[in-house]
Amino acid sequence: MAEKKLPFTKEQLTEVIKQYPTPFHIYDEKAIRQNVRNLTKAFAWAPEFKEYFAVKATPNPHILKVLREEGLGADCSSLSELILAEKAGMSGEEIILTSNDTPAIEFKKARELGAIINLDDISHIDYLDKHAGLPDMISFRYNPGPLREGGNSIIGNPEESKYGVTRKQLLDAYRIMKARGVKRFGLHTMVISNELDPQYFIETANMMFDLIIEIHRTLDIKVEFVNFGGGIGIPYRPEQEAVDLTIVSQGIKKAYETKIAANGLAPLKIAMECGRMITGPYGYLVSTVLHKKEIYKNYVGLDACMANLMRPALYGAYHHITVLGKEEWPLGYIYDVTGSLCENNDKFAVNRKLPMIDIGDVLVIHDAGAHGHAMGFNYNGKLRSAELMLKPDGSVETIRRAETIEDYFATLDFSGLEK
Ligand SMILES: Cc1ncc(COP(=O)(O)O)c(C=O)c1O
């Protein structure tokens, strides 16, 4: 069984907590950089391989800056995410807009930045033209529907999912775009999320390469880049294995050689837009035990709640928990680890075997670095926590301060209410 380790000792984290009250999210910059280098190295064979980090996973400009320094671009799904990428120093085709039900303002901003626009629907062609004009390069999101099995609770079954265009629409869309003067073309899909089986990504690549051959054969269009989406899973549970990126990369390479190169369609740029596997394992939610409660079950109540990390409540997702300083203690107790929301599903863990927990213990919730703080919300008037960066030299920086009550009330005008 793989061990879930922390990048800091009890003494180091205790010092951090003296300065930054819990709860907070903390990211390990060194590990994020190393992880990105591993991904880039695995795809070194691919022409101009580019990972566009899915900003929605960890929308913080300081994280984006680190990723930009490692050569990554940004996959944005909204105006705010486009602005974050811009603030982190990204521009032009380092940015891709993959949005759905897209408002005009997002197309306008993407055009202003020179970002790649990845259209979610054939009807968006006219909408884009009307509101922002057609760019030289366009990409479409393909939804294989019944042609591809798979999906899961996060992304949905392709046939039931609202994203992308059908195979027939895709060919029509390229035909229309070519007739309207677009010169450069990309092709995108995103059919899975949090998948640990490397074969799945190889199958997706094969599906996309076949489509690129068909687009070339029927429309005489040479697709310039293919984006396989994100979806590479992470081992949330200690007994799970991380996806072997070499297997994924070599499987895709084989398909590239037999399908793309053999049909004279090289060079085809390979892109991905992973979020979870880039930052997920390197972010931790740190929280303190406020209360213990013994009724029909034993509860441990934290100062964090699902407003800080909602994956367990939303998907029943497992997040490993380390009780700081008690790593070697026997797992002799069974607890539900809860937050304080007035929602019974506000639980980080249910029936979890843990060491004996005392009030004041610090619990570190693992794998919170993607779709963690990002999915936070203010229900029950809960404030969103700070985000900290553990720098490679061991120092800690605030990369987002904690919300204050004043922030929470900032959109309300209380004047005149007491009269
Ligand atoms: C369009 C798109 N791209 C990329 C991602 C990132 O997925 P993951 O974090 O699973 O890699 C998502 C996640 O929802 C997405 O919707």
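User: Which residues does Gly73 touch, once those up to four places away in sequence are left out?
Analyst: Gly73 touches Lys50, Tyr52, Met90, Glu94, Ile95 and Ile96; two residues are in contact if their C-beta atoms, placed from the backbone, lie within 7 Å. Please keep in mind that this is a predicted model, where local features need pLDDT of at least 70 and side-chain atom pairs count only at pLDDT 80 or more, while totals for chains, interfaces and linings use all residues. Residues are numbered from 1 along each chain as its sequence is written.

User: What makes Gly73 count as buried?
Analyst: Gly73 has 24 C-beta neighbours inside 10 Å, so it counts as buried. The cut-offs are 20 or more other C-beta atoms within 10 Å for buried, 12 or fewer for exposed, and in between for partly exposed. Gly73 lies in strand β3, residues 73-76; strands are DSSP runs of E with at least two residues, helices are runs of H or I with at least four, and both are numbered from the N terminus.

User: How do you know whether Asp367 and Asn380 are buried or partly exposed?
Analyst: Asp367 has 26 other C-beta atoms within 10 Å, so Asp367 is buried. Asn380 has 14 C-beta neighbours inside 10 Å and therefore counts as partly exposed. Asp367 sits in the loop between β15 (362-365) and β16 (386-390), and Asn380 is also placed in the loop between β15 and β16.

User: Why is α4 called roughly parallel to α5?
Analyst: The axes of α4 (residues 79-87) and α5 (residues 104-113) come within 9 Å and cross at roughly 20°. That makes α4 roughly parallel to α5. Angles under 35 degrees count as roughly parallel, over 145 as roughly antiparallel, 65 to 115 as roughly perpendicular and the rest as oblique. The crossing of α4 and α5 is left-handed. On the α4 side, Leu79, Leu82 and Glu86 meet Ile105, Glu106, Lys109, Ala110 and Leu113 of α5. By class, this contact of α4 with α5 has 5 nonpolar, no polar and 3 charged residues.

User: What makes α2 and α9 roughly parallel to each other?
Analyst: Their axes are 9 Å apart, and the helices pack at an angle of about 25°. α2 and α9 are therefore roughly parallel to each other. The crossing of α2 and α9 is right-handed. Asn38, Leu39 and Ala42 of α2 meet Leu245, Thr246 and Ser249 of α9.

User: Why are α7 and α8 called oblique?
Analyst: The axes of α7 (residues 167-179) and α8 (residues 198-219) come within 11 Å and cross at roughly 50°. α7 and α8 are therefore oblique to each other. α7 passes α8 in a right-handed crossing. In α7, Leu171, Tyr174, Arg175 and Lys178 meet Ile215, Thr218 and Leu219 in α8.

User: What is known about how domain 1 and domain 2 touch?
Analyst: The domain assignment gives domain 1 (29-279) and domain 2 (281-409). Taken over C-alpha atoms, the centres of domain 1 and domain 2 are separated by 32 Å. Across the boundary, 21 residues of domain 1 are in contact with 20 residues of domain 2. On the side of domain 1 that touches domain 2, α2 (29-42) and α10 (276-279) are the elements giving two or more residues. The largest share of that side, 5 residues, comes from α2.

Notes
Axes are lines fitted to C-alpha atoms, for helices over the stretch in contact, and angles run from 0 to 180 degrees between N-to-C directions. A crossing is left-handed if the near helix is turned anticlockwise from the far one by less than a right angle, and right-handed if clockwise. Ala, Val, Leu, Ile, Met, Phe, Trp, Tyr, Cys and Pro count as nonpolar, Asp, Glu, Lys and Arg as charged, and the others, Gly among them, as polar. Domain bounds come from an automatic or database domain assignment.
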